[in-house]
Amino acid sequence: MGDVTGFFYPRTATGRSSLLPAPPWHYSGDLLTVEYRTDPARVAELLPAPLAPAPDDPGAVALIWADWQSCGDDGAELLDPVRAQYQECFAVVRCSFGGQVYSRCVYIWVSADFALARGLHQGYPKKLGSVHQTRPHPFGRAAPRIAPGGVFAGTLAAADRRLAQAVVTLREETDANGFVNAHPMAHHRWMPSIEKGAPDALDELIASGSASVEAGPAWRGDATLELFDSPTEELARLEVREIIGGYYRQVGVTWDGGRLLAERGVPTASAP
């Protein structure tokens, strides 16, 4: 019998089949963001204990489209682009724990299996979906410019049903691409027990964020956002009551692990 290796499934003798390399993971991409306000009670129902709503503007939501290229530390995926490129759309709210405000991803859809698997490790509730957004380009009429008047759109579908669509028309540069997704993330990592009726085998509240960030100019503008009902998705429960703004930004980030805040609802000694 030999040992098996690899960061994630499937583990083999060589580790070559593992769906993911070990962190750090590097990302370069374009973010299209629409921030809006919904019923704060709809946000609160997505915050399991020991999390609580954010003390200010608790109904604020960010729906973010991201067109990513990503890789492990050796960059091997960049020479095999099917392993590097994917799209995602995710809904972020804010919450509080231990006197600190966190961001929290409550829904997220991705277009590739490796991105979904990374979410299982990081606590993102990822599902597969069909995600598209307008790409900028400096030449020709088939792409907008990242400049005043540039018009960008995003669409999201899952299980053959459209869930969201947005349009953002850029007006001016701004200091940041919104405020909802501007904090460390507070996520749960859950794994049901293999024994029926037993407690979860894994139940952790963790905090994580970017180990490093580079970002281009942030742009803001006018935005429209529509959410649609689905028999298997609940994004539309976060109904749009008021648009805060639309944003566009190109970023580069590195993720390299997180920190345990609580296990089975009990804060750790190092939690804030």
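User: Which residues in the largest nonpolar core touch the most other members?

Analyst: This is a predicted model, in which local features need pLDDT of at least 70 and side-chain atom pairs count only at pLDDT 80 or more, while totals for chains, interfaces and linings use all residues. Residues are numbered from 1 along each chain as its sequence is written, and side-chain values use heavy atoms, with hydrogens and water left out.

A nonpolar core is a set of buried Ala, Val, Leu, Ile, Met, Phe, Trp, Tyr and Cys residues joined through side-chain atoms within 4.5 Å, where buried means under 20% relative accessible area, with a 1.4 Å probe and protein chains only. The largest such core has 42 residues, and those that touch the most other members are Leu 63, Trp 65, Tyr 107, Leu 156, Leu 225, Leu 227 and Leu 235. Apart from this core lies another, of 26 residues, which includes Trp 68 and Val 253.

Leu 31 sits in strand 1, residues 25–37, a strand being a DSSP run of E with at least two residues, numbered from the N terminus. Leu 31 counts as buried because its relative accessibility is 11%. Not counting residues up to four places away in sequence, Leu 31 touches Trp 65, Trp 68 and Tyr 248, among others. Although Leu 31 and Gly 154 are 123 residues apart along the chain, their C-alpha atoms are separated by 10 Å.

How values were computed
Helix = DSSP H or I, 4+ residues; strand = E, 2+ residues; numbered from the N terminus. Buried < 20%, exposed > 50% of the residue type's maximum accessible area, 1.4 Å probe, protein only. Contact = heavy atoms within 4.5 Å.
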